[in-house]
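Try each task before you read its solution.

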Amino acid sequence: MDRITPAATPAKTRKPWYRQLYFWVLTAIVVGILLGWLAPNAGQAMKPIGTTFVNAMKMLIGPIVFLTIVGGIASVADLKKVGLTGLKALGYFQVGTIVALGLGLVAINIFRLGDGVNADSGAIKASASAGQLIASGEHQQWWQFITDIIPTSVAGPFVEGNILQIIFMAVLFGVALNALGAIGAPILDAIERLTKIVFKVLNFVMKTAPLGAFGAMAYAVGAYGVSTLTSLGWLVLLFYGTSIFFIVVVLGSVMGFLKLNIFKMLRYFREELLLIVGTSTAEPALPGLMRKLEHAGVKKETVGLVVPTGYSFNLDGAAIYLSLAALYIAQATNTHLSVGQQVGLLAIMLLTSKGAAGVAGGGFIALTATLSTMGTIPVVGIMLIFGIDKFMSECRALVNFCGNAVATLFIAWWDHSLDVNRVRRVFNGEIVEPRRDEDPVDDDQRDYGRSDSVDIAPRRAAAPTDDDTSPSDRAHAYSETV
């Protein structure tokens with residue numbers, strides 16, 4: 001059956017601001033804060049609304065990560081390029097983590113907010129909820145993130161939401177499917193079709209994002225209030241200030257090297273950033289990040305490999321949090337650490353920051369694992385910051401998200417596959433034709449996964465630019481003959 005490509009039509013006009021998703025998410029966040037502040041009990045009662053939305057998004061994260069990685073790897077003609085891209089990404093992630101950890105250490109050593117607290121570690125008691133996280137962290141070994149990559153069953157990673165294990169399975173499945181060549185073409189075609197279905201389901205779920213942001217924010221403010229925030233406000237401010245410095249200066253320098261503007265990138269991803277603020281987790285923003293990066297000019301296989309991997313290995317916000325929190329606890333409990341011990345602490349955090357990726361309370365567990373492994377700073381001292389951990393989670397997720405967006409753009413440039421001119425035009429809000437390898441979308445899907453400041457015109461038919469025949473091309477050829 002011949003494929004029918006619609007003729008090019010003029011692009012539609014910009015959507016009114018009051019019809020764009022980011023406006024309603026922002027409105028929901030403001031309403032949620034007011035409800036939690038003025039009526040704390042009513043705010044806490046909104047918790048099921050927020051958790052239901054987050055659970056619905058988590059339900060889709062595993063399939064999206066698996067399908068995009070498998071489709072990306074299976075559709076490339078040269079697997080060596082995939083391997084090199086993966087190695088480049090891991091190398092970049094480690095450098096970024098080291099810079100983030102070092103920045104946190106420098107900040108807390110300069111301001112020394114823990115001096116004068118004089119907390120007695122023997123008198124500190126852990127609450128029931130914190131005690132469970134402490135127990136999980138104390139049993140978390142630095143090497144576990146390596147051994148835990150291999151799942152015990154095929155379905156287990158999807159049930160538990162273990163992204164690392166899903167990535168491992170997807171890479172193996174994608175490589176095997178690529179090696180099969182023409183035999184695997186029908187399966188690849190089915191995977192591409194299933195990916196479109198999953199993203200369509202995502203589109204349905206995203207329409208409830210304002211409700212999810214409202215419920216999560218109302219509960220957070222109603223449950224924790226502002227008194228907890230003000231008691232350790234300086235530490236929170238230092239964390240936010242250090243994070244802003246990292247995004248604007250460090251990530252901004254990387255974007256400047258690519259001749260791109262970090263602030264325009266933040267504007268492009270404004271919906272995803274607001275969604276993270278409302279839900280305190282970066283997971284709901286993952287699909288939108290992938291779709292928008294593809295549209296901006298990054299190849300699908302690069303996005304499918306780098307972004308999901310970055311969600312487990314490129315945790316810049318968590319790295320800043322770990323170094324600040326660990327040194328604050330040391331200062332507050334009068335635990336002196338030499339320069340050598342702080343460097344050793346940084347080395348431990350390079351591993352433990354990955355160990356609790358994708359786990360509920362992961363940042364708190366990673367901090368406990370770090371202190372337990374080092375053995376110098378009293379672990380129970382984390383109760384000093386337990387009350388404000390919630391107020392730091394949003395910032396951690398925001399920095400992680402921005403770091404992964406910049407990392408994907410840099411890796412694409414490193415692979416000589418980034419259309420910088422297209423990225424610049426998309427970041428400027430210009431109407432740009434969809435890429436030839438970009439999934440077509442209908443009118444409903446235009447509301448999410450692309451720049452919502454514009455409506456995108458249907459893509460035009462384009463001839464292949466090279467003579468290489470990839471498994472993806474064979475899949476399309478197969479589907480046309482049946």
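Buried means under 20% relative accessible area, exposed over 50%, and partly exposed in between, with a 1.4 Å probe and protein chains only. The model is a predicted one, in which local features need pLDDT of at least 70 and side-chain atom pairs count only at pLDDT 80 or more, while totals for chains, interfaces and linings use all residues. Residues are numbered from 1 along each chain as its sequence is written, and side-chain values use heavy atoms, with hydrogens and water left out.

**Exercise 1. The whole chain**

Task: find how many helices and strands the protein chain has, and what share of its residues is buried.

Solution: Start with the secondary structure, where helices (H or I, at least four residues) and strands (E, at least two) are DSSP runs numbered from the N terminus. The protein chain has 22 helices and zero strands. Next, take burial: 54% of the 482 residues count as buried. Finally, look at contacts, meaning heavy atoms within 4.5 Å. Of the contacts in the protein chain with a separation of 6 or more, 83% are between residues 24 or more positions apart.

**Exercise 2. Two packed helices**

Task: describe how H14 packs against H20.

Solution: Two packed helices are described by the angle between their axes and the distance between the axes. Axes are lines fitted to C-alpha atoms, for helices over the stretch in contact, and angles run from 0 to 180 degrees between N-to-C directions. For H14 (residues 270-279) and H20 (residues 389-414), the angle is about 155 degrees and the axes are 8 Å apart. H14 is therefore roughly antiparallel to H20 (under 35 degrees is roughly parallel, over 145 roughly antiparallel, 65 to 115 roughly perpendicular and the rest oblique). Now list the partners: H14 brings Glu272, Leu273, Ile276 and Val277, and H20 brings Glu394, Ala397, Leu398, Phe401 and Cys402.

**Exercise 3. An aromatic pair**

Task: classify the ring pair of Phe410 and Trp413.

Solution: Rings of Phe, Tyr and Trp (its six-membered ring) pair if their centres lie within 6.5 Å; planes under 30 degrees apart are stacked, over 60 edge-to-face and the rest tilted. The structure holds 14 aromatic pairs. In the pair of Phe410 and Trp413, the centres are 5.5 Å apart and the planes lie at 35 degrees, so the pair is tilted. The two residues are three apart in helix H20, which means about one helical turn between them. Phe410 is buried at 15% relative accessibility, whereas Trp413 is partly exposed at 34%.

**Exercise 4. Positive phi**

Task: where does Lys259 lie, and what is its phi?

Solution: Lys259 is in the loop between helix H12 (233-257) and helix H13 (262-268). Its phi is positive, about 65 degrees, although Lys259 is not a glycine. At 62% relative accessibility, Lys259 is exposed.
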